[in-house]
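Dear colleague,

Please find the structure below, handed over for your records. My notes on what was found in it follow directly after.

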Amino acid sequence: MTTTLIAAAVLLLISVLASKASSRFGVPALLLFLVIGMLAGSEGPGGIYFNDVGAAQSLGVLALAFILFSGGLDTRWKEVRPVIGAGISLATLGVAISALLVGLFIHYVWGLPLLTGILLGAIISSTDAAAVFSVLRSRNINLRSPLKPLIELESGSNDPMAVFLTLATIERLLNPGSPVLNFVGDFFIQMSIGAIAGVAIGRAAIWVINHVRLEHDGLYPVLSISAVLLTYGVTDALGGNGFLAVYAAGLAMGNHRFIHRASLLRFHDGVAWLMQIAMFLVLGLLVYPSNLIPVAGMGLSIALALTFFARPVSVFIATAFSKFTARERLMISWAGLRGAVPIILATFPLMAQLPNAVLIFNAVFFTVLISVVLQGSSIPLMSKWLGVADSADRPHEDDDLPMRGESELITIDVPPASPAVDRQVVELGLPSETLLLLAYRGDGFFAPTGSTVIRPGDKLIVLTNVRAIDETRGILQGRRTEN
């Protein structure tokens with residue numbers, strides 16, 4: 001146990017330091033995590049033997065759930081709402097077209113059975129949320145609106161389609177007589193249950209966080225972790241798509257107010273990074289580098305066919321009725337990074353003991369490596385070459401701060417008859433531009449939080465935008481006052 005803990009700590013430390021080198025030299029961090037895992041494996045200097053496909057798959061599913069939840073938390077509905085139609089089309093139709101085109105390529109060029117080729121195409125059909133979020137956010141890439149929200153929305157929502165196509169194709173291979181129409185019905189049922197359950201549990205989690213009034217602030221992250229696990233578990237038990245559910249739950253929570261919102265967002269961002277590192281390290285340990293050499297030609301050809309043919313065609317078809325220009329569509333296509341999700345999905349044929357399962361796993365791994373190296377390292381250059389980079393310097397906007405512009409510091413006395421009395425700050429519905437800085441009660445000042453209950457006679461020091469002064473006074477005093 002001691003040796004295991006030391007090895008895990010060293011690998012995590014090396015990965016964190018490698019992420020620093022990634023930012024400096026422009027190499028995608030996720031590629032470095034994979035390489036570190038491979039070097040630590042049985043064929044590398046680390047010499048760690050790991051061959052448990054089931055454990056790797058379970059860890060991958062768990063990690064992906066937390067990564068998608070974090071991505072949903074950090075997605076702003078007002079930014080993705082204008083592109084929701086294109087995002088859904090890319091996440092469903094785009095994934096299906098890409099899987100079919102890659103499957104046909106593998107069948108006719110490499111001679112594999114058609115269903116096997118489509119299975120391989122389905123496995124690598126989705127863009128990877130961890131890879132896309134990591135590259136776009138850690139490297140501070142600004143794309144012209146609404147490209148960045150669309151790319152992140154697609155990467156966070158297209159994994160369910162890839163999972164469904166992979167499992168449906170495996171079922172078809174195991175049971176050739178299965179009616180195709182059954183798969184179509186299953187798709188709509190799984191997606192509907194996933195979306196509804198995710199939003200419902202996300203809204204319920206907001207209510208619980210705001211009303212449970214825990215004695216210790218450190219328990220709120222534990223509460224949010226339970227929400228992620230409950231969302232995935234309940235949805236899966238109901239026959240829905242758990243990955244879509246956790247993303248929808250994160251999206252529902254991230255766009256509403258709840259106690260300790262900023263700290264919980266930072267917490268889950270850290271959890272997502274931990275999960276990314278652990279997932280890529282384990283997948284790196286699982287692969288044998290010597291097995292990649294025989295499939296190098298196939299993997300390289302698949303990566304090139306996917307990048308320069310299947311992905312662009314699927315993007316152009318899926319966004320045919322949108323107003324994106326050809327250059328913008330090419331950028332969407334190029335930003336479709338493959339990452340850990342295809343490698344995790346490649347473990348499903350291994351677990352099902354399908355013919356060519358080992359070939360599929362190694363080919364997918366090699367394809368992912370090429371995708372991360374080729375696309376991940378060149379996204380900034382490609383965005384400038386296509387003319388879709390946003391040159392504006394956009395500082396990070398903290399959700400806890402008032403909107404930039406003309407702000408004013410005011411003092412508000414809470415009368416006994418105010419409707420805000422005996423309610424938590426988070427329940428008041430204050431304007432997003434308003435921030436409660438200090439409260440004076442009794443004989444001292446304190447900093448109010450979302451769980452602070454307003455009392456009669458409180459004197460509140462408020463920073464707000466001048467346009468929101470009247471609304472803020474109306475909420476805290478129960479009447480409108482002229483400024």
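Phe 187 is buried, at a relative accessible area of 14%, whereas Phe 188 is exposed at 53%. Here buried means under 20% relative accessible area, exposed over 50%, and partly exposed in between (1.4 Å probe, protein chains only). The ring centres of Phe 187 and Phe 188 lie 5.3 Å apart with the planes at 75°, so this pair is edge-to-face. Rings of Phe, Tyr and Trp (its six-membered ring) are paired if their centres lie within 6.5 Å; planes under 30 degrees apart count as stacked, over 60 as edge-to-face and the rest as tilted. By this rule there are six aromatic pairs. Phe 187 and Phe 188 also form one aromatic cluster with Phe 164.

This is a predicted model, in which local features need pLDDT of at least 70 and side-chain atom pairs count only at pLDDT 80 or more, while totals for chains, interfaces and linings use all residues. Residues are numbered from 1 along each chain as its sequence is written, and side-chain values use heavy atoms, with hydrogens and water left out.

As to confidence, pLDDT is the predictor's confidence in each residue, from 0 to 100. The protein chain averages 86, and 91% of the residues score at least 70. Helices (H or I, at least four residues) and strands (E, at least two) are DSSP runs, numbered from the N terminus.

The structure holds four salt bridges, each defined as a side-chain nitrogen of Lys or Arg within 4 Å of a carboxyl oxygen of Asp or Glu. One of them joins the side chains of Arg 311 and Glu 154 (2.7 Å, N to O). This pair links distant parts of the chain, with Arg 311 in helix α15 (residues 296–318) and Glu 154 in helix α8, 157 residues apart. Arg 311 is buried at 4% relative accessible area, and Glu 154 is buried at 2%. In helix α8 (residues 147–157), 10 of the 11 residues are buried, so this helix is largely enclosed by the rest of the structure.

A salt bridge also joins Lys 459 and Asp 413 (2.7 Å, N to O). Lys 459 is in strand β4 (residues 459–465) and Asp 413 in strand β1, 46 residues apart. Lys 459 is partly exposed at 33%, as is Asp 413 at 41%. In the salt bridge of Arg 441 and Asp 458 (2.7 Å, N to O), Arg 441 is partly exposed at 32%, whereas Asp 458 is buried at 1%.

Two residues deserve a note on backbone geometry. His 260 has a positive phi of about 60° although it is not a glycine, and is found in the loop between α12 (242–254) and α13 (261–286). Asp 422 likewise has a positive phi, of about 65°, and lies in the loop between β1 (407–413) and β2 (435–441).

Yours sincerely
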